[in-house]
Amino acid sequence: MLELQNIEKAYGPARVLDGVTLLARPGQIHAVLGENGAGKSTLVKIAAGLVRPDAGLVAVNGDPLKAFTPRAAREAGVEIVTQELTSVPARTVLENVFLGHRVVAVGSVQRSKHARQRFAEVCEECGFSLPGDAIAADLSIADRQILEVLRCLIRRPKVLILDEPTSSLDEERAHRLRVLLRRLSDAGTTVLFISHFLNEVLETADWVTVLRDGRLISSGPTEEETEASLINKMVGRTLSVLYAPKTLPPAEAETVLEANDIWWGSAVRGVSLHVRRGEIVGLAGLIGAGRSEFARCLVGAAKPDRGTVRIAGGPPIRPRNPRRAISAGLVMVPEDRKQQGLVLGRSVAENLALSKPQTSGHLGFALPRRLEDAARDWIRRADIRPASPAAVVGELSGGNQQKVLLSKWLACGPKILIVDEPTRGVDVGAKAAIHEMLAQAAASGVGVLLISSELEELLGLAHRIVVFRKGEVVDEVEGEASERERIMTAAFGAAGMGADE
Ligand SMILES: Nc1ncnc2c1ncn2[C@@H]1O[C@H](COP(=O)(O)OP(=O)(O)OP(=O)(O)O)[C@@H](O)[C@H]1O
Ligand SMILES: [Mg+2]
């Protein structure tokens, strides 16, 4: 159904794809795996006509694409959900879904009965629904991800490509998406997806292709693979996924962050907690439990209705202004690197320097040697690839952008660091590097507030875990593996898995 033959692609001197061939049959669920920067996104963008290869052939159902344009690929029946969100923020859900769709003219979508009916049908069929009149910018990241899927499905693709589709979904929605993919494939659609979740690949895909440094390493039935065999193919060596033992903060370590009775709309309901110097406090809960909203309240990115925050021993304040939080030593690495945090057109070194207000004047000029050296140091610690301070951030792979973002905020020497899903979309090796960076930051005295939907990550890193449900703190436990059950039960509520989101 989808045929990629001998694809070559280079950006300047960097060879991104080196003679890659991939064949996906009708009705197959085909996973593409590889480390950050292996060339996965580039490969699937070529299949969807978004990137032109230097050499090679793309064919759908035996017919070569007429041109390497999105339109030609779309006419051949290929639809893609890219790694970055592409919906137009100021437009409604309906407008986004029908953008460029020939059946309904732009501008009249909102009034078109036909469009509404078709949209309702697709929502019904796929088991995900969104309010058609909502503005895309107002949706959560998870819902914007769903929006992109709906936009593809409305066109009934023969080949559906998804680049890390579950990286911003909670476990329940990720599961529903996997069920949907299975249903589509049963109906004959070819599904090609990229994921860093090995269990997801093993569970969902029929076939798995592994890339390393732009080369094809293997392509075969998933049933012949295990988690270990896949990691081995991806990184070319065996990797330990174990967490290092935790360094406990000293008993007398003072409190660096204290939140008192924070309220924000109906999303955050009277939350109090504290973080001590050198302590990693994890926030567990389902997506939508209010953890990100609470974090945004702490830095003043959302303005709490009630409650106070004390930063580094300062007076209790009602946060109003993220910049003031930063100068007090409280920084947050947001969940969505695409919307906040990185200047995509600037170099790695410039982005790393940007967090320090006093150096921002250098933007656009040659960076001082000192900053370039500092950048090299972060590049090494975070294993950012390519390892060049001059590399443009927008041209890095998704996972490497994530590493730059975290480094940028660590580089400004915070007293308290809030990280929201810091390892979403990074590969197994990079994940270990990020864990190490967080543990080191804590060991050097930073108080860390870690939001993660991955329980393993919380248990592996946090000294203490606070569990959120529906905007409230419902439990607090030691960060011990033995607490897993208790955390799950608290997060889901007594009703049990899935029933109480
Ligand atoms: N427009 C571009 N200009 C220059 N280099 C690019 C561009 N797009 C991608 N690259 C480079 O191509 C390589 C492969 O990138 P790609 O995005 O395909 O990786 P990936 O396998 O999807 O990684 P990730 O898991 O991090 O998303 C990277 O080294 C990246 O820096
Ligand atoms: Mg990618």
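1. In this predicted model, an oxygen atom of ligand 1 is 2.6 Å from an N or O atom in the side chain of T42, and a polar side-chain atom of S41 lies 2.7 Å from an oxygen atom of the ligand; a polar contact here is a pair of N or O atoms within 3.5 Å. A polar backbone atom of G399 is 2.8 Å from an oxygen atom of ligand 1. The protein covers 82% of the 640 Å² of accessible area that ligand 1 has on its own (Shrake-Rupley method, 1.4 Å probe).

2. Around ligand 1 there are 18 residues, of which G37, K40, S41, T42 and S397 come nearest, a residue being counted if one of its heavy atoms lies within 4 Å.

3. Three strands form an open, antiparallel sheet in the order β12-β11-β14, where strands are DSSP runs of E of at least two residues and two of them pair if DSSP finds at least two bridges between them. Because β12 (268-276) and β14 (306-311) each have a single partner strand, one side of each is left without a neighbour in the sheet. The twist averages 5 degrees from one strand to the next, with axes fitted to C-alpha atoms and angles running from 0 to 180 degrees between N-to-C directions.

4. Strand β11 (residues 255-264) pairs with β14 in the antiparallel sense over 5 bridges, and L257 stands opposite I311 in β14. Helix α9 (residues 291-299; helices are H or I runs of at least four residues) packs on the sheet, touching β11, β12 and β14, and its direction makes about 115 degrees with that of β11; contact means heavy atoms within 4.5 Å.

5. Local features need pLDDT of at least 70 and side-chain atom pairs count only at pLDDT 80 or more, whereas totals for chains, interfaces and linings use all residues. Residues are numbered from 1 along each chain as its sequence is written, chains are lettered from A and ligands numbered from 1 in the order in which they are written, and side-chain values use heavy atoms, leaving out hydrogens and water.

Technical notes: A polar contact is a pair of N or O atoms within 3.5 Å; within protein, one must be able to donate a hydrogen and the other to accept it, and residues adjacent in sequence count only if both atoms are side-chain atoms.
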